[in-house]
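Subject: Structure handover

Hello,

Here is the structure I promised to pass on. Please open it first, then read my notes below.

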Amino acid sequence: DDALHNPGTLAHDERAVAHLNACGLANMLVVASVISLFTVYPIVTFFHSNARNLAIGSNMQVNATGQVADLLHFPVMLNKDTPDVVKTHTGWDAKEYELVFSDESNTEGRSFYPGDDPFWEAVNLWYHVTQDMEWYDPGQVTTTNGSLRILIEQADPMSNHGLSYKSGMLQSWNKLCFTGGYIE
């Protein structure tokens, strides 16, 4: 047998020195590095970046690296014509709330066909759940004189999916999402 399988052949001090060689030291260094990488580094990064994360955490216009998108024709959440007086609101709980979205409908003749508007979409369907008497047509929804106009009118059933009326229905499904706050 060798000294490893017959420990009684080496003196106590010799065994300690024999097990602490270059390979053992390298293994200990690798284990310490892995532990540091997956525990110490994330903790240090969290505390180092926490102030920046808190500053941009609730701002939807800033990405995770702190960059502000300045893209031509990119939709903005607050309409430039929204009066300053309505940009904050005191809730029933006495907390101050900040306006995060507004649409003043001030662009004349907006189209709400699928893909035409970043926040709203007029549907093209018959709402069978309530047996509506009208067909919802995107052409019935537009903006005029600073207001949203949804027009309902009589139609020829032969050219209107067998229904005598057509109107419009506007939705924001999968386009405009809120996680909390007031909607007025």
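Does Asp 84 count as buried or exposed? Asp 84 counts as exposed, because its relative accessibility is 62% and the cut-off for exposed is over 50%. The side chain of Asp 84 meets that of Lys 87 in a salt bridge, at 3.2 Å from N to O. Lys 87 counts as partly exposed, at 27% relative accessibility.

One caution before the rest. This is a predicted model.

**Overall picture**

The protein has 184 residues, and 17% of them count as buried. It has 2 helices and 9 strands. Along the sequence the pattern reads α-α-β-β-β-β-β-β-β-β-β. The accessible surface comes to about 14,200 Å². Carbon and sulfur atoms hold 60% of that surface. Residues 24 or more positions apart account for 48% of them.

Helix 2 covers residues 22-56, and Val 30 lies in it. Val 30 is also part of a nonpolar patch on the surface.

**Met 77**

Next comes the loop between helix 2 and strand 1 (88-90), where Met 77 has its place. Met 77 counts as buried, because its relative accessibility is 18% and buried means under 20%. Met 77 and Phe 119 are 42 residues apart in sequence. In space they are 9.1 Å apart, C-alpha to C-alpha.

Arg 110 deserves a look of its own. Where does Arg 110 sit? It is found in the loop between strand 2 (96-98) and strand 3 (121-122). Arg 110 is buried, with a relative accessible area of 15%.

Its side chain makes a polar contact with the side chain of Asp 103, at 2.8 Å. Another polar contact goes to the side chain of Asp 117, also listed at 2.8 Å. Leave out residues up to four places away in sequence, and Arg 110 touches Asp 103, Ser 105, Asp 117, Trp 120, Val 141, Thr 142 and Thr 143.

**Salt bridges**

How many salt bridges does a search of the whole structure find? The search finds 5. As a rule, side chains of opposite charge can pair when their charged atoms come close.

The Asp 84 and Lys 87 pair is one of them. Asp 103 and Arg 110 form another, at 2.8 Å from N to O. Asp 103 counts as partly exposed, at 25% relative accessibility, whereas Arg 110 is buried.

Glu 121 and Lys 175 also meet in a salt bridge, at 3.7 Å from N to O. Glu 121 lies in strand 3, and Lys 175 lies in the segment after strand 9 (170-171), so the pair ties together parts that are 54 residues apart in sequence. Lys 175 is partly exposed, with a relative accessible area of 26%. Salt bridges that share partners also join Asp 103, Arg 110 and Asp 117 into one network.

**The hairpin**

Strand 5 (residues 141-144) and strand 6 (residues 147-150) run antiparallel, joined by 4 bridges. They form a hairpin with 2 residues between them. Asn 145 is in the turn and has a positive phi of about 55°.

Thr 142 stands opposite Arg 149 in strand 6. Thr 143 has Leu 148 of strand 6 as its bridge partner. Thr 142 and Thr 143 are also among the residues that Arg 110 touches.

Which order do the strands of the open sheet follow? The order is 4-8-7, in a sheet of 3 strands with mixed pairing. Strand 4 (134-136) and strand 7 (153-154) are the edge strands, and each pairs on one side only. In general, strands of a sheet pair through backbone hydrogen bonds, either parallel or antiparallel. Strand 7 pairs with strand 8 (residues 165-167) in the antiparallel sense, over 2 bridges. Tyr 165 in strand 8 is the bridge partner of Gln 154.

Best wishes

Definitions and conventions
Residues are numbered from 1 along each chain as its sequence is written. This is a predicted model: local features need pLDDT of at least 70, side-chain atom pairs count only at pLDDT 80 or more; totals for chains, interfaces and linings use all residues. Side-chain values use heavy atoms; hydrogens and water are left out. Patches are made of residues with over 30% relative accessible area and no salt bridge: like charges are joined within 9 Å, nonpolar side chains (Val, Leu, Ile, Met, Phe, Trp, Tyr) within 5 Å. Accessible areas come from the Shrake-Rupley method with a 1.4 Å probe; for residues, only the protein chains shown count as cover. A salt bridge is a side-chain nitrogen of Lys or Arg within 4 Å of a carboxyl oxygen of Asp or Glu. Buried means under 20% relative accessible area, exposed over 50%, partly exposed in between (1.4 Å probe, protein chains only). A polar contact is a pair of N or O atoms within 3.5 Å; within protein, one must be able to donate a hydrogen and the other to accept it, and residues adjacent in sequence count only if both atoms are side-chain atoms. Contact means heavy atoms within 4.5 Å. Two strands pair if DSSP finds at least two bridges between them.
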